[in-house]
Structures are given as C-alpha cells and as structure tokens.
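User: I would like to learn how to read the sheets, the cores and the chain contact of a model such as this one. Could you take me through them in turn?

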Amino acid sequence: MNSEEQENRLPRRRVLQWFAAVAAAEGLSIPTTLAQAPKPAAEGYGYDPVLNKTYERGEVWPLTFTEAEKKAAVALADVIFPADELGPAASEVRVADFIDEWVSAPYPRQQNDRKAIIPGLKKLDEECQKHFQKNFADASVEQKQAACDEMAKGNHFFNVFTSIAAGAYYSDPKCWRALGYVGNMPIGGSFPGPPEEVLKQAGVEQTVE
Amino acid sequence: MPTIPISKAQSEYDVVIVGSGAGGGQMAYTLTLAGLKCLMLEAGRSYDVVAETPMFQTGKDAPLGGSSTPDKNFGFYDATIDGGWQVPDEPYTQASDKAEEQFRWWRARMMGGRTNHWGRISLRNGPYDFKPYSRDGLGFDWPISYDDLEPYYTKVEKLIGVYGTNEGLENTPDSPKGVLQPPPKGRVGDLMIQKHGKKLGVPVVPIHRAVLTKPQDGKKLAPELHPDNPEAQKIVEESMSSRAACFWATDCGRGCSIRANYQSTTVHIPPADATGNLDIIANAHVREVIVGKDGKAKGVLFIDKTTGEEERVKGKAVVLAASSGETVRILLNSASGDGIANSSGLVGKYIMDTVGSDMLGQIPALENLPAHNDDGAGGCHFYSPWWLYKEQKAGKMDFARGYHIEISGTRSMPKGNSPVPTHVFKGLYGTRLKEAARRYYGSFIHVACRGEMIPNEGSFAELDSEVTDKWGIPVMKWHWEWSDHELNMAKHAQDTFGAIFEAAGGKGLINPNRKGKKAILRGGEVIHEVGGAIMGADSKKSVCNEWNQTWDIKNLLLCDASPFASNSDKNPTETIMALAWRAADRLIEQARKGDL
C-alpha cells in the first residue's frame, strides 16, 4: 500500500488526534515558543506615519517567516480562500505576506497572535510529515482538506489564522466583490441610497427624499 | 497651514490663542475677520489637510491592513497625528488602579486638534440642557439659556455646513429654515432601525453632521455671517466656494482633502489666515499664562518643542482652548504652580465625559443583500434623539438624563480585520467560508448610546505632585466615578438595543462580560471631555462667567469645553463653537471700546 492510498483511507479519528496536536502547540511554554520564533525587535510605525502612500508588506518592519513557515502559510491560506467564482485565491492577493507582516509586527495584539501562528505552522508541517511524509504545502488536495476538516472543528491556531487571513483577503480591492463591498467610489450629486431591490428584500422603505 | 518661528512673532498681539481645534479655530476666525491681531499656539505640528489626507487608500495599501495599533488607536488612516490614548513624552496619571475609576485621556498634537478626526456630529443643546438643575435638582444650571446661544448655533451651522432635518422633537431644537443642508438618504441599516424602533416608541430621524451635502452658497451666507464687513465677506465667500460637497466615499475620520466636512483646518483656519491677522506657532507646548501685577493676563509662556527653549509671547487678552484637561493643567501650573483663576477652588472639578454603551446586532433580513454602496457621508446618517423626557419627568425612570442612539453603516470598507465577526466562520473553510462571509457581511448593525453624565465630586483632575512631562511640567492626575444615573442609563440602553434588534427579527450580540450596567465605556473613552472650569452666575461656585471669561482674570477666556456646566447627550463640538463665537463677539466689542 503506497502512502497515497494510506492517506485516502485515513480514519478520521486519527486525523483528529494529529491536528489536536496542532492545537496544543499554542500551549507550548514561552521559552520554547521564543526559541522557535524569535521575537521581532522592530519598532512600530510611530505616531506620525505618512498616510497617503502605498506601503509594501515588510516596508515598515522586517518580515520574519522562515521559508518553511511561508510555504505552509501560503498553502493553508489557499485552502481557506481558494480561487472560485467568488474571487481569487489567497496567494493571488498575497495573504501570506500580510500574515507575515502581522506576526512580525511589534504590537501586543500581533505578538499574541504570533504565539499561535508560528508554532501552529510548524506543528502542521510536523503532523503532515509524520502521516503523509510531506509538508502541508506538498500534500495532496485531499490531504490538505482532511487536515482543515479537522482543524475547522475547533482549533485555536486555525481560528487565529483564518481571522487574520480574512482581514488580509478582504482588504484587497480584488476581493471586495467576493464580499459585496462596492464603495470607495466618488459619486456626484446626492447620495443615491440603497437601490429598490435592497429595500424590498430588507422589507424597508426609504424615508428621506 | 503657514506657521512662523518664534523669532518672527510680533512684540504683542491683541489676543493669544492656545489651541487650534474647534474653540481656538472659532476664536481665530471670528477675531481676525474683525481685524484683531491674533497669535495661535499649537502644541503639535502643522498639518496640510489637502496634501496629507489619505483619500481612497485601501487596506491593501496600509500596514496591517489599516487596523488599529497602539500607535494609531483608531486605525492607520485616522487623521490623528502624534496623539491617541497616549502621547509621546506627555504622560498622565490615575489616582486609582481600578479601571472604572480611571479616565482615559485622548489627545491630538496637530494643527486642528481633535476636529480632524471627529465624528462631525453637530447637535444643538436644547433649552432643558442649559437648566438641568432647575429641572431635576442635579448638577448645575448654565448662566445662559438656549435663547442666548441660539443665534450662535445658527451662525456656526451656516459657517461649517450641517446636514439634517427639523423634526420638532422635545428639547431637540430645530434650526431656522434654510440653515441646514439636505440630509443624505437613509442606509438600509438606518431604515431597518427606524422601522422597528418605531414599534417601541423610539424615534429614528436624520442626524445633524458637519458635512456638505451640496456646495455652500458663499454669496448668500458670507454677508449673513458678516454684515457690514465687506472684507470678511469676500474672504469667507472665497473659502466657502473652495469647499466641495461630499462625494460619498472615504470616512470622515481620515479628514477630508476636498474640505467637504468641517475640521478647523478646512473651515476656520484658512479664512483666518487669509485676513493677514493671524500668526501661528506650531510645536508650542504651553506651560502657563503670565499674569501681571495688576492681575491681568499678559501673555503665555511655552516650550518650543523644536528647540526645548522657554519662550514668552504677549497678548492683551489670552484665550485657552487647549481641551478641558489641558486648559485645567495650564491654569493650575500658572503662577509658578500656585494656579490662577481658581479663587473658587473649582479649577479641575466637575470633569464630565459622555455615557457610552454600544451593541452589535445581527439581522437575518439583511443577510445576502445585493451588493450596494453604503459608504454614504462617511459617518452616521440617522440617530435617535432622546425620547423619554415625559417618563423621566413623571419619575418613572431610574436615571435622570437622556441619551441618543447613533447608528452606523452596515457595509463599510474592510480594513485589516475580518469584515464579519469570525464566529460565522465556525467549522468552515474554502468556498463555504467565502459564502458565509458574503451572506453575513452587511447584516450587522452597530448602535451606540451617547448619554448625559451628571457632574460629580469624584470626577476631577489635579496636578500630579511627582510626575512631570519631558519638559519638567507637572502632569494631570485623574479621578473618576460614575453615579447610578450613568450606570442605569447604560443598562437601559442595552435593554433598548436588544429590544430593537429583536423587533427587527434579529438579536444583539452581547459580550457576557459586558452587559447591563457593566456595559458602560470607561471614563474618557467617548472623547467628550468637558468641564473642569465650569461657567456659572456666582463667582464662588464657578470659574467662568457667561462670556467664557474667568471671574478672577477678565482678559483670560476659556474657549474649549472646560466652561461647560453640564454635558448633555448632544455632542459638545457645536456648542464649543457657538460659545466661542459669542465670547469672541464680546471681546471684539471690548476691543472697539479700547477696553481689551
């Protein structure tokens, strides 16, 4: 039985056990976490950053993902936000770079998220190695989905990753359509208000002329 | 905004104005157009609203997608510069280590101050709001009535441009016909709350905000504002003509490069500057007011933050409009720390904020709506003015004053954070997760209570005897206390929000740790810090008279919110401006008599 067949016959209970281990990774003691994920020494952007310019990810503080972390993050973000009729894949809008910028930021909220993300990505690869003999990024679609099926049942790393990825994904104008955001467009004259079909569906009437 | 170095300052000005926000901006505007020579001191840097405002930038363009950080507390694109809950080099302290007894002090260090990022909600105090003590025996009456201030509310609204409607509701004044700009149409969330609030007797109407919904008619307005002053008319008409109407994109908190909304830097300072009567010194951190042997204010001592040197400027009158907390600090630090204008002992007392309590509701009828542009005027379109005056009067309520409800849009631009609460993603990934995001986006409505706090003995600020700022100046130490009136109000608001959401077929998402009375925001968090040098009719019981003049030093005026004797639920900014304009008119009259 080759490993591919083995994967496909994976009892769901065992997968659950593996990815429970990913969840537990966040509970690693602080020194271990830090040893695996050096704390970014960078400063924040301060109280008076230039606002009306385009920032590149990594411009304000260095990105800190290792190659392996980045590969795992790119692959995981693409399973959570795949290309489909609603919009592009996460990799097309560089969600992993956003997550890298996020966990590399010197602020408390982001540092806290880093404690979940860095060990979580490592554990994800370790579990995949153990059972698929591949890193997560190199696993088959079915294997990746099996992993996500389990993690989606309740896994702190997966929840944190999904939350940051959602912030990243929908912040890109290419993904606004997927959400239904159609603003940030100048309109001349008076504000048109919601269209008739919206009012009808919501069961309300316009009260301002 | 053009500024001068101290070396270019005149030897004496008619008026030295400390602060460049709503109060300082209004004073500079009114006084310079009348021909008085003014010097404005701003503690922060100069700011070019046209060149610096991030219009149309998206989350893609910003670090962390633009989400909030300790450096930019309201998100990357918020207009605030060198400010927030903490300001570098300028600490403040708390008398208590309990969160509910602390005051969070928002400051901005920039030209225009907090007006650059504020919500632009421009409500008039009503007649009751000037006489609260007479109505219910709590707090203090103002020495003026609504009728005294009404003409100035009208002037301010004409100048800054305010949209809204006249609804004829109790203690919610109408503006004279033709003054308000047309309100924008209701957004779907507004109309939902309006429809279902009605069932509960909660009126929901267009709010008043300082945003132009059509171009300003400078030709008509300038002569109305400045009769018998052709030069002022010309300058103001030109300034009004250079402002554009709102183009229904980009939130007002970023500031507005097309000058469609009011900020001191778009409406007050440009015409003041055009008179040639205004000098501005930036990075001027004021330590004290200089008082002469004759007991009159002679000028101001400040630290030039660019050199660290102490500098002095002279004025025939001095206006403090530095924010309530900062004005109190300057008064208490003056006379080498003995304090001035404080014969009543009330400087720093009776600081108030607004009762804040909010809730997010989820409405199934708003799920999966067709995509549509909900950006609107970059802030609230509708609100609910306080509606239970009669019940309060009849003694049926367990709190004495009112609150209004502010309703937010439902489909704002995603900026760094998940556009829907992440619990809707539970168990999902892939296309199903994206479908859930699409379904729920737009189905959440945020409502916020903004209510009156009654002044109390436990909410005040004093100088810290140990801690100083970078320049060795003693800092403010805060004391805070809510009374049952405020806590019961927060509970009432929570119950009301829950009931409205349920009436709309949805439900409120309540944080289990923050419900009922616990749902009140912390002191200072609504950033409506007022009081600290209240005005009154009796010099023993107040710091200022009805003309914003301190009782002890008549040529020292306080023109921010520090003279507020109460803090009605109406947002303070328009009242700050109306009071300042009135005080400025009085000052001009005195100057004409040679009696500055």
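**Reading the sheets, cores and contact**

Analyst: We can begin with a sheet of chain B: in this predicted model, six strands form an open sheet in the order 4-11-12-13-10-16, with antiparallel pairing. Its edge strands are strand 4 (205-206) and strand 16 (507-509) of chain B, each of which pairs on one side only.

User: How many bridges join strand 12 of chain B to strand 13 of chain B, and which residue stands opposite Glu406(B)?

Analyst: As a general idea, the strands of a sheet pair through backbone hydrogen bonds, either parallel or antiparallel. Here strand 12 (residues 403-407) and strand 13 (residues 444-451) of chain B run antiparallel and are joined by five bridges, and Glu406(B) stands opposite Ala448(B) in strand 13.

User: Which helices of chain B pack on this sheet?

Analyst: Helix 6 of chain B touches strand 11 (382-384), strand 12 and strand 13 of chain B, and its direction makes about 65 degrees with that of strand 13. Helix 13 (residues 484-503) of chain B also packs on the sheet, touching strand 10 (355-362), strand 12, strand 13 and strand 16 of chain B, with a direction at about 20 degrees to that of strand 10.

User: What should I notice in the hairpin of strand 6 and strand 7 of chain B?

Analyst: Consider both the pairing and the turn: strand 6 (residues 284-291) and strand 7 (residues 297-304) of chain B pair in the antiparallel sense over seven bridges, and between them lie five residues, with Gly295(B) in the turn having a positive phi of about 85 degrees. Strand 7 of chain B is also joined by six bridges to strand 8 (residues 309-320) of chain B, again in an antiparallel arrangement. Val300(B) can be followed through both pairings, as the bridge partner of Val289(B) and as the residue opposite Val313(B) in strand 8 of chain B.

User: Which residues have the most contacts inside the largest nonpolar core?

Analyst: In soluble globular proteins, nonpolar side chains tend to be buried together. The largest nonpolar core here has 171 residues, and Ile17(B), Val18(B) and Val319(B) have the most contacts inside it; helix 14 (residues 573-592) of chain B gives the most to this core, with nine residues. Leaving aside neighbours within four places in sequence, the contacts of Val319(B) include Val15(B), Ile17(B), Val18(B), Leu557(B) and Cys559(B). A second, separate core of 64 residues includes Val79(A), Trp102(A), Ala178(A) and Phe425(B).

User: How many residues does each chain give to the contact?

Analyst: Chain B gives 70 residues and chain A gives 61 residues. On the side of chain B that touches chain A, helix 6 (188-199) and helix 12 (431-440) of chain B are the elements that give two or more residues, and by class this side has 33 nonpolar, 23 polar and 14 charged residues. As for confidence, the model scores ipTM 0.95 and pTM 0.95, while the mean pLDDT of chain B is 97.

How values were computed
Residues numbered from 1 in each chain as written. Chains lettered and ligands numbered in written order. Predicted model: local features only at pLDDT ≥ 70, side-chain atom pairs only at ≥ 80, totals over all residues. Contact = placed C-beta atoms within 7 Å. Helix = DSSP H or I, 4+ residues; strand = E, 2+ residues; numbered from the N terminus. Nonpolar A, V, L, I, M, F, W, Y, C, P; charged D, E, K, R; others polar. Core = buried A, V, L, I, M, F, W, Y, C linked by C-beta atoms within 7 Å. Buried ≥ 20, exposed ≤ 12 C-beta atoms within 10 Å, placed from the backbone. pLDDT = per-residue confidence, 0-100. Pairing = 2+ DSSP bridges. Axes fitted to C-alpha atoms, helices over the stretch in contact; angles between N-to-C directions.
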